[in-house]
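Colleague: Could you take me through this model step by step, beginning with the terms I will need?

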Amino acid sequence: MHLRKLLVLMAAVCLILPLSAINPQNNKMKELSVKKVSAENVSAESVPALLDKENVAFQPVNTVNWADFPYAPDVQFRMAHTSDAILLHYKVKEASVRAVAGHDNGPVWKDACVEFFSVPAGDDVYYNMECNCAGALLIGGGAKGDRRHAPQEVLDKVRRWASLGREPFEERVGACSWEVALVIPCSAFFLHDITSLDGKQVRANFYKCGDDLQTPHFLSWNPIELPKPNFHCPEFFGMLRFE
């Protein structure tokens with residue numbers, strides 16, 4: 001009898017372990033409550049002051065996932081929402097900065113770049129919203145293997161503010177601090193018909209990268225357990241709970 005119980009237990013463990021390997025975020029997933037604020041027609045420039053007023057705290061993006069890229073600039077984000085828009089504010093301190101991508105849907109990830117990836121509808125479609133330090137924006141959406149860029153009319157609806165200005169520039173080496181703020185309307189999730197964020201639970205991750213900076217780096221909010229840098233991995237997203 002004891003042997004039979006032991007065999008059953010061992011079989012159960014063998015079934016559970018692969019599931020843990022496939023879904024490592026089950027044990028390590030970070031969660032964040034996203035405050036709802038009462039505001040209309042918020043400009044991107046006013047987001048930092050509004051979030052100060054609402055006492056919305058910063059969250060660190062400080063997970064170094066790959067030993068080959070140990071550099072970790074000081075990166076923080078904070079987020080609130082107005083039912084039909086996300087208010088997102090990043091603060092960064094790093095050793096060099098650049099904004100060569102001078103147009104939307106360009107290679108902003110090669111610049112000093114902050115990113116917000118999310119699964120807003122609970123299906124297999126995720127969005128990547130990537131912004132360099134001059135406010136050039138890339139938005140992609142779709143399932144893995146079927147990705148597409150948002151059209152320009154969608155990108156134009158995302159309001160942006162960049163503390164370093166909106167003009168592109170080559171790399172500036174030396175300690176630098178910068179901020180960007182975004183007002184992301186629900187319509188930016190262009191493959192869905194989302195009209196409100198109220199009460200939503202959204203799996204997401206936040207990143208900082210700079211592929212072509214003098215010191216490349218790849219930081220995340222929620223840890224990523226993959227052998228090489230890869231942000232397109234919804235299985236490692238954390239959870240946002242919108243009020």
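This is a predicted model: local features need pLDDT of at least 70, side-chain atom pairs count only at pLDDT 80 or more; totals for chains, interfaces and linings use all residues.

Colleague: Which kind of aromatic pair do Phe 116 and Phe 206 form?

Modeller: A search of the whole structure finds 14 aromatic pairs. For Phe 116 and Phe 206, the centres are 5.1 Å apart and the angle between the planes is 15°. Planes under 30 degrees apart count as stacked, so the pair of Phe 116 and Phe 206 is stacked.

Colleague: How many residues apart are Phe 116 and Phe 206?

Modeller: Phe 116 belongs to strand 6 (residues 113–119), whereas Phe 206 belongs to strand 12 (residues 201–209). The pair therefore links distant parts of the chain, and the separation is 90 residues.

Colleague: Why is the pair of Phe 206 and Trp 221 edge-to-face?

Modeller: The ring centres of Phe 206 and Trp 221 are 5.5 Å apart, and their planes stand at 80°. Because planes over 60 degrees apart count as edge-to-face, the deciding value for this pair is 80°.

Colleague: Which residue in strand 14 is the bridge partner of Ser 33?

Modeller: Strand 1 (residues 31–36) and strand 14 (residues 238–242) run parallel and are joined by four bridges. In strand 14, the partner of Ser 33 is Arg 241.

Technical notes: Residues are numbered from 1 along each chain as its sequence is written. Side-chain values use heavy atoms; hydrogens and water are left out. Two strands pair if DSSP finds at least two bridges between them. Helices (H or I, at least four residues) and strands (E, at least two) are DSSP runs, numbered from the N terminus. Rings of Phe, Tyr and Trp (its six-membered ring) pair if their centres lie within 6.5 Å; planes under 30 degrees apart count as stacked, over 60 as edge-to-face and the rest as tilted.
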